[in-house]
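Please open the structure in a viewer and keep the sequence at hand.

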Amino acid sequence: MVTTDDRATFTALFDEHRGGVHAFLLGRTSDPEAARDLLQETFLRVWRRVDEVAGLAPDRQRAWIFTVARNLVIDRYRTEATGRATMAAVADQVPDVTDDTVAQVVARDQLAAVRDAIGSLPDEQRTILTMATVGEMTSRQIAAALGMPPGTVRYELHRARRCLADRLEVTG
Amino acid sequence: MTHDPFDPSASDPLDQVLGAWAATQRLDEAESSRILAAIVGQAEAAAAGSRPSVGPLTPTGSLPATWWSDLSLQVASAVVLAARRSGPGIAITTGTRAAA
C-alpha cells in the first residue's frame with residue numbers, strides 16, 4: 001500500500017539525489033538515453049525500499065543509491081555485451097547546424113571538442129569529472145557515493161582536469 | 001571543492017568550457033518530472049496488480065452493493081410466480097388438508 005508519507009519521502013530522495021545519480025550514470029555510460037533509463041530504474045528500486053533507505057544516515061543513503069546505480073550499469077553491459085558506449089551518442093543532443101549563426105557553430109564545435117576530450121578520459125576520471133561538473137557534487141559527496149577516500153577523488157579530478165586542459169589547450 | 005568551479009562567470013577558461021558542456025548534459029525539470037511520474041505510476045500499477053480479488057466481479061471490477069437484496073427479490077418473485085401457475089392441486093397448505 002502506497003501512503004502519502006511514502007510518496008513524500010520518495011520525492012525528497014529523488015530531488016536530493018537525481019542530479020548526482022544522473023551524472024554518475026552519464027559518466028559511466030557516456031550515453032544520455034541509457035543514463036535516463038538507468039536513472040528511472042535506480043529510483044524504482046529506491047521506491048520499493050523507501051522505508052529502509054529513508055532510515056539511513058545521509059551518506060549511507062547516498063552510498064546505497066549509488067550502489068544500486070552501479071550494479072544496474074554492470075547488469076546492463078553484461079546483458080547487452082556491447083561494452084562501453086561511445087560519446088557519439090552525446091552528439092545527438094547537439095542541435096543541427098543548418099540555421100546556426102557563426103557563434104553557434106563555434107560554440108557547437110567547442111562543445112564537441114570538450115565532449116571528445118572527456119570521452120577519452122579513463123572511466124574513473126570521466127565519472128568523477130562528470131559527477132563534479134554535471135552533478136555539481138563536492139569531492140566528499142562523490143567519495144561517499146563511490147566508496148573511495150575524498151583525497152583520491154580530488155587527485156583524480158585534478159588529473160582529469162590537467163588532461164583536459166592539455167587536450168583543449170586551455171589553462172586549468 | 002569549496003566553490004563551484006564551473007560557474008560561467010569563472011575566470012578559469014577550463015571551468016568555463018566545462019560549465020558550458022555540463023549545462024547541455026543536465027536533466028531539465030520537465031525530464032525529471034516525467035521520470036518521477038513514470039516511477040510512481042509504475043510502482044502504483046505494480047501494487048494494484050498484486051492485490052487479490054475478492055468474490056465474483058462485475059465487468060467494472062466490483063460487486064454492486066445491493067447484490068444480496070436484488071438476488072433475494074428475484075428468488076422470491078420466481079417462487080410466487082411458480083406457485084400461481086401450478087394450480088390448487090399441488091398448492092402447499094398447512095392444517096386445512098387434514099381437516100378436509
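Is F43(A) buried or exposed? F43(A) is buried, with a relative accessible area of 0%; buried means under 20% relative accessible area, exposed over 50% and partly exposed in between, with a 1.4 Å probe and protein chains only.

Before continuing, please note the conventions. This is a predicted model, in which local features need pLDDT of at least 70 and side-chain atom pairs count only at pLDDT 80 or more, whereas totals for chains, interfaces and linings use all residues. Residues are numbered from 1 along each chain as its sequence is written, chains are lettered from A and ligands numbered from 1 in the order in which they are written, and side-chain values use heavy atoms, with hydrogens and water left out.

**First stop: the aromatic residues of chain A**

Rings of Phe, Tyr and Trp (its six-membered ring) pair if their centres lie within 6.5 Å; planes under 30 degrees apart count as stacked, over 60 as edge-to-face and the rest as tilted. By this rule, there are five aromatic pairs over all chains. The ring centres of F10(A) and F43(A) are 6.3 Å apart and the planes stand at 75°, so this pair is edge-to-face. F10(A) belongs to helix α1 (residues 4–29) of chain A and F43(A) to helix α2 (residues 32–48) of chain A, so the pair ties together parts that are 33 residues apart in sequence. Helices (H or I, at least four residues) and strands (E, at least two) are DSSP runs, numbered from the N terminus.

Next, select W47(A). F10(A) and W47(A) also form an edge-to-face pair, 5.0 Å centre to centre with 80° between the planes. Because F10(A) lies in helix α1 of chain A and W47(A) in helix α2 of chain A, the pair ties together parts that are 37 residues apart in sequence. Both F10(A) and W47(A) are buried.

**Second stop: chain A as a whole**

Display chain A, which has nine helices and zero strands. Buried residues account for 47% of its 172 residues. Now select helix α8 (residues 139–146) of chain A, where seven of the eight residues are buried; among them are Q141(A), I142(A) and L146(A). After α8(A) comes G147(A), with a positive phi near 70°.

Turn to chain B, which has four helices and zero strands. Of its 100 residues, 18% count as buried.

Show both chains together. The contact (heavy atoms within 4.5 Å) takes 29 residues from chain B and 39 residues from chain A. On the side of chain B that touches chain A, α2(B) gives the most, with 12 residues.

Which side chains meet E31(B) and R36(A) in a salt bridge may be seen by selecting these two residues: their side chains meet at 3.4 Å, N to O. A salt bridge is a side-chain nitrogen of Lys or Arg within 4 Å of a carboxyl oxygen of Asp or Glu, and the rule finds five across the interface of chain B and chain A.
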